[in-house]
Amino acid sequence: MWVSGLRELLPAYGYRLRCFDRLPVPGEPDAITADLGDAEALAAATRGVDAVVHLAGIPGEAPFADILAANIDGTHRLYEAARAAGVRRIVHASSNHAVGFTERPADGATVPVDTPQRPDTYYGLSKCFGENLASLYADRHGTETVSLRIGSFADEPHSIRMLATWLSPGDCARLVHAALTGPVAGHVVAYGISANTRAWWDLASARALGYRPQDDAEAFAADLIAKHGELPPDEPEFHYLGGHFTQTGP
Ligand code: 15L
C-alpha cells in the first residue's frame, strides 16, 4: 500500500520516478517488471538515476529461506547494481523491527536512534543486515544511505500501539523527500513515524534531514481507546517496541 501511496505523492516534490515492481504498475508503462533476483533488471533500473528508494522485499515475518532470498540477497544485489551505476544515495526502508526486542520506553520517553539493534524476527534481522550493508557501502564505496526505521504506515492508526508507531502517508512522503535531499555523511538511521504525542522513537535524526511531520495519531486516540481500552502495561505484546512481532516467528 505504501509503495503505491508514495508513487502518487512523490511526483509533487518534483521527482521523475522509474518504478520497479514484481507486478506491472498501473499507469506506468515504463515501469520495470522484475524482482530483486534479477541483476540485469536492477542494472537497467539503476542506470542514470540520482537516487534509489528501496521499498522492495518481504514486509513481515516469513521462513528464513524466503527472507534470505528477497530481503538479504535481494538488498545486496540492489546495492551492487547501485554501486556499479554510480547512484549517489539510497533511501532504504528499514523497520522498527530492527530494534523490536528493545523494551518499550517509560511514558513520555523515546528510544534513540543509536540504541543497539535487537531484531524481533528474521524479518527484523534482514533489516539489521540492510542497515549494516548500507554502512559498509558508505564506508567502502561512498554510497550514501538513509535507513528509515518505519513504524506503522497506514491511512489511519487502527490500534493502541499505532498511537505511538503511526506514519501517515503525507508524513511518509515528507520523510522520504527529506531522506533524498537532507544532509547525509555516509549512513544515517532515522525513525519513520508521524509527530505522535505518544511516540516511542526519537525523531532527532529525521528532523536533522529536514523532516517536519504534520500528523499526530492522537487525533484518533479517544475513538481507539473507547474501542480497545488503554495500553495494557503487562501485555507481552506491549512490553517490547516490536509488539506482536516479538510473539511470532522463530
Ligand atoms: C513493519 O515493518 C511491517 O512491514 C508492517 O506490516 C507493520 O507490521 C509495521 O512494521 C509495524 O510494526 O506496525
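A pocket is an open set of grid points with protein on both sides within 12 Å along at least five of seven lines, and its lining residues have an atom within 4 Å of a point. In this predicted model, the second largest pocket is lined by 19 residues. Those that lie nearest its centre are Arg104, Asp107, Arg198, Trp200 and Leu231. The space in this second largest pocket comes to about 320 Å³. By residue class, the lining is made up of 10 nonpolar, four polar and five charged residues.

The surrounding residues are Pro59, Ser95, Asn96, His97, Tyr123, Gly151, Ser152, Arg161 and Phe245. Sorted by class, this shell holds three nonpolar residues, five polar ones and one charged one. Taken on its own, the ligand has 320 Å² of accessible area, of which the protein covers 71%.

Two loop residues complete the picture. Arg47 sits in the loop that runs between α2 (39–46) and β3 (51–54). Is Arg47 buried or exposed? Its relative accessible area is 55%, and because exposed means over 50%, Arg47 counts as exposed. Along the chain, Arg47 and Ala81 are 34 residues apart, while their C-alpha atoms are separated by 8.5 Å.

Ser159 belongs to the loop between β6 (152–153) and α5 (162–165). With a relative accessible area of 23%, Ser159 is partly exposed, because this value falls between the 20% limit for buried and the 50% limit for exposed. A polar atom of the Ser159 side chain lies 3.2 Å from the backbone nitrogen of Met162; this pair is a polar contact because the two atoms are within 3.5 Å. From Ser159 to Leu9, the C-alpha to C-alpha distance is 25 Å, and the two residues are 150 residues apart in sequence.

Key: Residues are numbered from 1 along each chain as its sequence is written. This is a predicted model: local features need pLDDT of at least 70, side-chain atom pairs count only at pLDDT 80 or more; totals for chains, interfaces and linings use all residues. Side-chain values use heavy atoms; hydrogens and water are left out. On a 1 Å grid over the protein atoms alone, a cavity is a set of points where a 1.4 Å probe fits but cannot get out, and a pocket is an open set with protein on both sides within 12 Å along at least five of seven lines; lining residues have an atom within 4 Å of a point. Grid points are joined across faces, edges and corners, and a volume is the space filled by probe spheres set on the points. Ala, Val, Leu, Ile, Met, Phe, Trp, Tyr, Cys and Pro count as nonpolar, Asp, Glu, Lys and Arg as charged, and the others, Gly among them, as polar. A residue is near a molecule or strand if one of its heavy atoms lies within 4 Å of it. Accessible areas come from the Shrake-Rupley method with a 1.4 Å probe; for residues, only the protein chains shown count as cover. Helices (H or I, at least four residues) and strands (E, at least two) are DSSP runs, numbered from the N terminus. Buried means under 20% relative accessible area, exposed over 50%, partly exposed in between (1.4 Å probe, protein chains only). A polar contact is a pair of N or O atoms within 3.5 Å; within protein, one must be able to donate a hydrogen and the other to accept it, and residues adjacent in sequence count only if both atoms are side-chain atoms.
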